[in-house]
Structure formats: C-alpha cells, structure tokens
Amino acid sequence: MAELKLNIYNRKEIVKTYEAESYDLTFGVVEDLINLVDLEKLNLDDNNEVIKEAGKIVLGGMDIIKPLYKDIFEGLTDEELRNTHLSELASVLINVLKFAINQMMQGTTKKN
C-alpha cells in the first residue's frame with residue numbers, strides 16, 4: 001500500500017501532517033464500505049471510476065468515514081478533519097479501498 005498522508009490546514013497553510021505506513025481494514029469496515037460500492041462494476045485500473053465510487057462512499061457513509069480516518073491516523077480529531085482538503089481525504093480513501101479490494105482478490109485467487 002502506498003504511504004497514507006493527510007494534511008491539516010489553517011486556510012491554505014499546512015499546520016500539521018499525519019502519516020501512516022499502512023492500514024489493515026477490519027472485516028466490519030470492509031463490509032460497510034462494500035455496501036456503499038458496486039464492486040461488480042468497479043474497475044480498479046480506471047481512476048475516474050474509483051474516484052466516483054469513493055465519492056459515493058463519502059456521501060453515503062460519513063458515519064463510517066470519520067472513524068476510519070481517525071483509526072488510520074492516530075490522534076486525528078474531528079476538528080482537524082474539518083480542516084483537511086476533500087481531495088486529500090479522497091486520495092487516502094482511494095488508496096485504502098484499492099488495497100482492501102486487491103487483498104480480497106488475492107485471497108480468492110489463492111484459494112482457487
């Protein structure tokens with residue numbers, strides 16, 4: 001998984017940066033995310049499609065998203081989340097999603 005990075009802003013100035021080397025999703029979070037995404041139509045090689053699906057997750061799953069970011073970036077607060085750029089939140093979510101789906105796909109291929 002790519003390094004995960006989230007900047008906290010005071011208007012346009014970065015005041016803090018959170019970083020995480022990796023993140024392993026729990027099955028419960030994966031289940032919640034899958035319920036928000038149409039996996040059969042998702043093409044991980046099409047960034048526009050992945051971005052569109054990430055947008056659906058953000059719109060439909062704020063109760064899932066906020067705790068997810070706070071779990072990925074230890075110490076992150078609700079106020080700091082309010083001071084991040086949406087593009088960076090989406091980038092983190094996309095990387096986590098791609099990683100989780102690839103892990104699931106590898107698990108299925110290993111069994112066959």
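Mentor: A definition to begin: a residue is exposed when its relative accessible area is over 50%. Keep in mind that this is a predicted model.

Trainee: Is Arg-11 buried or exposed?

Mentor: Arg-11 sits in the loop between strand S1 (4-10) and strand S2 (13-20). The cut-off for exposed is over 50%. The relative accessible area of Arg-11 is 77%, so Arg-11 is exposed.

Trainee: What is phi of Arg-11?

Mentor: Most residues other than glycine have a negative phi. Arg-11 is not glycine, yet its phi is positive. The value is near 65°.

Trainee: What share of the contacts with a separation of 6 or more comes from residues 24 or more positions apart?

Mentor: A contact here means heavy atoms within 4.5 Å. Among contacts with a separation of 6 or more in the protein chain, residues 24 or more positions apart account for 59%.

Trainee: How do the buried residues of H3 fall around its axis?

Mentor: The buried residues of H3 are Ile-64, Ile-65, Leu-68, Tyr-69 and Ile-72. Seen down the axis of H3, they fall within an arc of 120°. They therefore line one face of the helix. In an α-helix, residues three or four places apart point the same way. For H3, the answer is one face, within an arc of 120°.

Trainee: Which element gives the largest share of the largest nonpolar core?

Mentor: That core has 25 residues, and those touching the most other members include Leu-4, Leu-25, Tyr-69 and Phe-73. S1, S2, helix H1 (27-34), H3 and H5 each supply at least two of its residues. The largest share is seven residues, and it comes from H5.

Trainee: Which residues does Leu-25 touch, not counting those up to four places away in sequence?

Mentor: Leu-25 is in the largest nonpolar core. Beyond four places in sequence, Leu-25 touches Val-30, Leu-33, Leu-68, Val-96 and Ala-100.

Trainee: Which helix gives the most to the lining of the largest pocket?

Mentor: The largest pocket holds about 230 Å³ of space. Of its 11 lining residues, the closest to the centre are Met-62, Lys-66, Leu-81, Arg-82 and Leu-89. Helix H3 (62-72), helix H4 (78-82) and helix H5 (86-111) each supply at least two lining residues. With four residues, the one that gives the most is H3.

Definitions and conventions. Residues numbered from 1 in each chain as written. Predicted model: local features only at pLDDT ≥ 70, side-chain atom pairs only at ≥ 80, totals over all residues. Heavy atoms only, no water. 1 Å grid on protein atoms, 1.4 Å probe; cavity = no way out; pocket = protein on both sides within 12 Å on 5 of 7 lines; lining within 4 Å. Points joined across faces, edges and corners; volume = space filled by probe spheres on them. Buried < 20%, exposed > 50% of the residue type's maximum accessible area, 1.4 Å probe, protein only. Arc of directions from axis to C-beta. Core = buried A, V, L, I, M, F, W, Y, C linked by side-chain atoms within 4.5 Å.
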